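The tour below goes from one selection to the next.

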Amino acid sequence: MKNFDLENNDKIRSGFTVPEHYFEQFEAKMMQQISIQKTTVNEVKVVSLFYRKQVWMSSIAALILLAIAIPVYFNMAKENNIESHSIENYLADQQHVNENEIIEHLSEEDINALENSLSASTNENDAIENYLSESEHLDYILNE
């Protein structure tokens, strides 16, 4: 391998070139870029004090709402439980509940829904008639 002396030999070029007037324009370009960066860096976000007050006010309002809503919810839940408990006790104490008492507490919509759910279709009516006609204890079933 040959030894190259770059300082004394003019035949070998380094391969790097500098653009024309680079060093004369370097300072002006650098100052221009620095001024652009200063204007963008100096822009600061401003958060108003009212925004912070708004956050505090809304959080306080939410806490007050929760402080009112939670006890109301639990009181309503207790009232519903007391009502169902008292109804269960009433029905347990009663030896014989009359059909008329139950019907008094049902609305028209409830009665219609019960009739629709308990009504037999025509096929079921035929099956019931066939069963009753074949049964030996028809009088006993009808008198019951």
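Which residues do ring pairs link into a cluster? Select Tyr22, Phe23 and Phe26: ring pairs link these residues into a cluster. Rings of Phe, Tyr and Trp (its six-membered ring) pair if their centres lie within 6.5 Å; planes under 30 degrees apart count as stacked, over 60 as edge-to-face and the rest as tilted.

The model is predicted, so local features need pLDDT of at least 70 and side-chain atom pairs count only at pLDDT 80 or more, while totals for chains, interfaces and linings use all residues. Residues are numbered from 1 along each chain as its sequence is written, and side-chain values use heavy atoms, with hydrogens and water left out.

Next, colour the chain by pLDDT, the predictor's confidence in each residue, from 0 to 100. The chain averages 77, and 76% of the residues score at least 70. Select helix H1 (residues 22-41), which has the highest mean pLDDT among the elements of the chain, 82. Then select helix H6 (residues 138-143), which has the lowest, 72. Helices (H or I, at least four residues) are DSSP runs, numbered from the N terminus.

Now turn to the aromatic pairs, of which the whole structure holds 3. Tyr22 and Phe23 are edge-to-face because their ring planes stand at 80 degrees, with centres 5.3 Å apart. Tyr22 is partly exposed at 37% relative accessibility, and Phe23 is exposed at 64%. Buried means under 20% relative accessible area, exposed over 50%, partly exposed in between (1.4 Å probe, protein chains only).

Last, select Tyr73 and Phe74, an edge-to-face pair with 5.5 Å centre to centre and 65 degrees between the planes. Tyr73 is exposed at 56%, and Phe74 is partly exposed at 49%.

Note on methods: Helix = DSSP H or I, 4+ residues; strand = E, 2+ residues; numbered from the N terminus.
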